[in-house]
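Could you walk me through this structure in my viewer, one selection at a time? I would like to know what to pick next and what I will find there.

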Amino acid sequence: MKKSTDADLAMSKSAVKISLDLLSNPLCEQDQDFLNMVTALDMAMKRMDAFNQEKVNQIQKTVIEPLKRFGSVFPSLNMAVKRREQALQDYRRLQAKVEKYEEKEKTGPVLAKLHQAREELRPVQEDFEAKNKQLLDEMPRFYGSRLDYFQPSFESLIRAQVVYYSEMHKIFGDLTQQLDQPGHSDEQRERENEAKLSELRALSIVADD
């Protein structure tokens with residue numbers, strides 16, 4: 001999303017730069033019609049850039065920043081999983097110790113060690129069971145909440161795009177009306193451009209050697 005908004009901003013800034021470069025072209029001083037066309041283009045590009053900036057700001061606030069905050073919970077979640085795994089290893093280690101003494105001949109020293117091992121196991125087992133229960137209870141709720149969290153951002157993204165492209169339709173519609181020559185079809189313009197290009201190619205300074 002960040003790469004997309006950066007690319008959008010770069011596009012509109014480049015469009016504004018193009019229109020400014022055209023305004024500084026000497027042709028604008030020589031031809032009033034051309035100056036009017038470039039001025040109309042410049043105003044349209046600046047309007048586009050302003051709406052684009054507004055769209056990007058909206059996406060930043062309603063999509064990028066909420067998703068960053070959502071992503072920030074994962075380190076804590078991963079740490080909870082690691083603590084549960086560590087508790088499981090400690091529980092298995094002490095459980096194996098208890099089972100080892102349970103398999104031995106029940107002498108006085110063995111029974112004493114078995115009692116001590118069971119005492120060591122009890123709090124470790126309780127700790128593991130508590131951590132395990134917490135994950136079993138909360139992990140499904142966490143995963144189930146992902147869509148509820150993301151959906152408002154997704155809807156905001158769509159609304160921002162709809163508003164932006166609606167405005168772009170108006171801007172370029174207005175620009176077309178200002179620049180369009182009545183009665184000229186795209187095919188006619190293409191033929192005129194080809195005729196002018198042929199005239200340029202016929203000049204000796206651009207002729208092939």
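Here is a short tour, stop by stop, of what is a predicted model.

**Stop 1: the largest core.** Start by selecting Ala87, Leu88, Tyr91, Leu94, Val98, Tyr101, Val110, Leu114, Ala117, Leu121 and Phe128. These eleven residues form the largest nonpolar core. Now colour helix H4 (74-103) and helix H5 (108-144): each of them supplies at least two residues of this core. H4 gives the largest share, with six residues. In soluble globular proteins, nonpolar side chains tend to be buried together.

**Stop 2: Tyr101.** Leaving aside residues up to four places away in sequence, Tyr101 touches Lys106, Val110, Lys113, Leu114 and Ala117. Elsewhere there is a second, separate core of ten residues, and Ala40, Ala44, Tyr164 and Leu175 are among them.

**Stop 3: the annotated stretch.** Next, select residues 77-104, where an unreviewed UniProt entry places the feature "coiled-coil region". In the model, this stretch is 96% helix and 0% strand.

**Stop 4: where H5 meets H6.** Show H5 together with helix H6 (residues 146-179). Their axes come within 4 Å and cross at roughly 20 degrees. Angles under 35 degrees count as roughly parallel, and H5 and H6 are therefore described as roughly parallel to each other. To see the contact itself, select Phe142, Tyr143 and Gly144 on H5 and Arg146, Leu147 and Asp148 on H6. By type, the residues of this contact are three nonpolar, one polar and two charged.

**Stop 5: Asn52.** Move to helix H3 (residues 32-71), where you will find Asn52. Is Asn52 buried or exposed? Its relative accessible area is 0%, so Asn52 is buried. Display its surroundings too: not counting residues up to four places away in sequence, Asn52 touches Asp8, Leu9, Ser12 and Tyr164. You have met Tyr164 already, as a member of the second core.

Stop 6: Finish on helix H6, which holds Pro152. Pro152 has a relative accessibility of 45% and therefore counts as partly exposed.

Methods: Residues are numbered from 1 along each chain as its sequence is written. This is a predicted model: local features need pLDDT of at least 70, side-chain atom pairs count only at pLDDT 80 or more; totals for chains, interfaces and linings use all residues. Side-chain values use heavy atoms; hydrogens and water are left out. A nonpolar core is a set of buried Ala, Val, Leu, Ile, Met, Phe, Trp, Tyr and Cys residues joined through side-chain atoms within 4.5 Å. Buried means under 20% relative accessible area, exposed over 50%, partly exposed in between (1.4 Å probe, protein chains only). Contact means heavy atoms within 4.5 Å. UniProt positions are given in the numbering used here, feature names are shortened, and annotations may be inferred rather than shown by experiment. Axes are lines fitted to C-alpha atoms, for helices over the stretch in contact, and angles run from 0 to 180 degrees between N-to-C directions. Angles under 35 degrees count as roughly parallel, over 145 as roughly antiparallel, 65 to 115 as roughly perpendicular and the rest as oblique. Ala, Val, Leu, Ile, Met, Phe, Trp, Tyr, Cys and Pro count as nonpolar, Asp, Glu, Lys and Arg as charged, and the others, Gly among them, as polar.
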